[in-house]
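Please look over the chain and its ligand below before reading the notes. The points that follow are grouped by topic.

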Amino acid sequence: MNARPSTANPPARPVPKPLPPEFPGAARYGDEELEAVTRVVRNRSPFRYYGPRFGGEVEAFEREFARLISGVPGHPGPGNATIHATAVNSGTGALELALDALGVGEGDEVLVQGFLWISSISAIVRNRAIPVLVDSDDTLNLDPDQIRRRVGPRTKVIMPVPMLGGCARIGEILETVRGLNEERAREGLPMIRVLEDCAQSMGAHARGTPGSVAPTAPEGVHRVGTFGDIGIYSLQINKNITAGEGGVLVTRDPALARRIEALHNAGYARDQSTPVNWYGDDPVGWGHGRRLGELQGALARVQLRRLDDILASMRASHARIARHLSDLGLRTRATADASDPGDTGYYCQFHLPDRGDDASRIALGRAVASALSDFGLRPWFLHDFEVHVYYNIRPLVERWPLNGGGPWPASPRAIDPRHEYHRGTLPTLDHWLATTVGINIPSVLSAEDEAYIRDALAWVAATVIRD
Ligand SMILES: Cc1ncc(COP(=O)(O)O)c(C=O)c1O
């Protein structure tokens, strides 16, 4: 156990040194990725449904992803068809498609947390629905106890967004939603569905009973994204594995899976097609252009095989750095479930002492982030974390209309108070954001890198945070 460095006698200032890149999947690109891409090029078949020497990479990725994501810790997936995966060309597209598949449209409301990424909001607005913000608990994710206060008759979907690899209390969220849906069934109101935006947390585990209306799998530890009606993931470069761009949707519901597959492919599911009737004759609605290409499918297959190793490295480094922060007297973000393996470890967030007024809290957060940045620790003071924070999203705060108007009424007098988005709307989250700083945990840290990070944190704790 380290002695807590004292302010009067701070440790020596470490000499800044470069750290490995923060892109967990891309950091491990190697010969296998090269071979995968070359295979597709040699086959001259970069399209997901056919080609001169068609390789079926995207389809194989979907099967392999479904298998991995349905697995429980220590065991590979059961390999049955309980989970269906559809690969698409971005996480943002996956969200738009998921809400469409769940029937979200004009006048509907989607409940979502305020710590997210702008796409979690834009996907709602693009479907002509209205975002309703729900406050967060100490996991910094959607607080199950706040859901009932924000639900209305037009609520269609609840969207938890497990941020930076840290899970929400998803088991309690699902319990609350099932309770609400029992009441709504009696009142003749539409069922509330759950869409998990797991773009930042692919592979994380959490505890709970999946199913928004009735349980769809036993109580236990499951991978996030498999609790709700649909889960989405991203393959963009900052994510746990990457194909540069890409996304995945998963669901346990075969009818919904078919609808997703059709919607991502111009509205027509491929199982209807014949050699002379490529698009079949059974459209499910107005489709999207969301197919993933074979080059990215082939890359994603290799990366998927690396996912659990990447998670193991990040989790181990995160645990050691979090222990050090605790020795320094700094509390790290609460985890939803202390049982292993839990969160992904992608980011280590810690809370600053809660001193003074709002302005002095913000000044401290900025000073700490700036000092950590001088050491190359890639910190974010969460209040300043760009469009991950609801009140930093100008089009939301100002309720910018879509072409042709909506989803909010044009007259400010007609605005429902639940459709406010300025800072102050979510007091608990606002407080966490103003008192929390995080640093990235690369998946390839050496023992020396970790020692350097610990020294830098100790120096900043003694000289900038102080008592
Ligand atoms: C929480 C969240 N949702 C959605 C997305 C969108 O994913 P993509 O960048 O693949 O469109 C991101 C990624 O940046 C994200 O962090």
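Over which residues does pLDDT stay under 50? That stretch is residues 76–81, for which the model has 9 contacts beyond four places in sequence. Here pLDDT is the predictor's confidence in each residue, from 0 to 100, and two residues are in contact if their C-beta atoms, placed from the backbone, lie within 7 Å. Where pLDDT is low, the predicted coordinates should not be read in detail.

**Basis of the model**

- This is a predicted model, in which local features need pLDDT of at least 70, side-chain atom pairs count only at pLDDT 80 or more, and totals for chains, interfaces and linings use all residues.
- Residue numbers start from 1 along each chain, following its sequence as written.
- Mean pLDDT for the protein chain is 94, and 94% of its residues reach 70 or more.

**Overall fold**

- The protein chain holds 12 helices and 12 strands; these are DSSP runs numbered from the N terminus, with helices being H or I of at least four residues and strands E of at least two.
- The chain is as compact as a globular protein of 467 residues, because its radius of gyration is 23 Å, close to the 23 Å from the globule rule. The radius is taken over C-alpha atoms, and the rule is 2.2 Å times the number of residues to the power 0.38.
- Along the principal axes, the C-alpha atoms fill a box of roughly 80 × 60 × 40 Å.
- Of the 467 residues, 48% are buried, meaning that 20 or more other C-beta atoms lie within 10 Å of the residue's own; 12 or fewer make it exposed, anything in between makes it partly exposed, and C-beta atoms are placed from the backbone.
- Among contacts with a separation of 6 or more, 72% join residues 24 or more positions apart.

**Ligand surroundings**

- The ligand is surrounded by 15 residues, the closest being G91, T92, W117, A199 and S234; a residue is near a molecule if its C-beta atom, placed from the backbone, lies within 6 Å of it.
- Helices α3 (91–101) and α4 (118–126) each supply at least two residues of this shell, and α3 has the largest share, with 3 residues.
- By type, the shell divides into 5 nonpolar, 9 polar and 1 charged. Ala, Val, Leu, Ile, Met, Phe, Trp, Tyr, Cys and Pro count as nonpolar, Asp, Glu, Lys and Arg as charged, and the others, Gly among them, as polar.
- Helix α3 is mostly covered, with 11 of its 11 residues buried; E96 and D100 are among them.
- Just after α3, G103 takes a positive phi of about 85°.

**Backbone exceptions**

- Most residues other than glycine have a negative phi, and most peptide bonds are trans.
- R128, in the loop between α4 and β3 (130–134), has a positive phi of about 65°. R128 is partly exposed, because 17 other C-beta atoms lie within 10 Å.
- A266 also has a positive phi, near 65°, and lies in the loop between α7 (254–264) and α8 (294–327). With 14 other C-beta atoms within 10 Å, A266 is partly exposed.
- The peptide bond from G406 to P407 is cis, with omega near 5°; P407 sits in the loop between α10 (394–397) and α11 (427–433).

**Chain ends**

- A447 belongs to helix α12 (residues 447–465) and counts as exposed, because it has 9 C-beta neighbours inside 10 Å.
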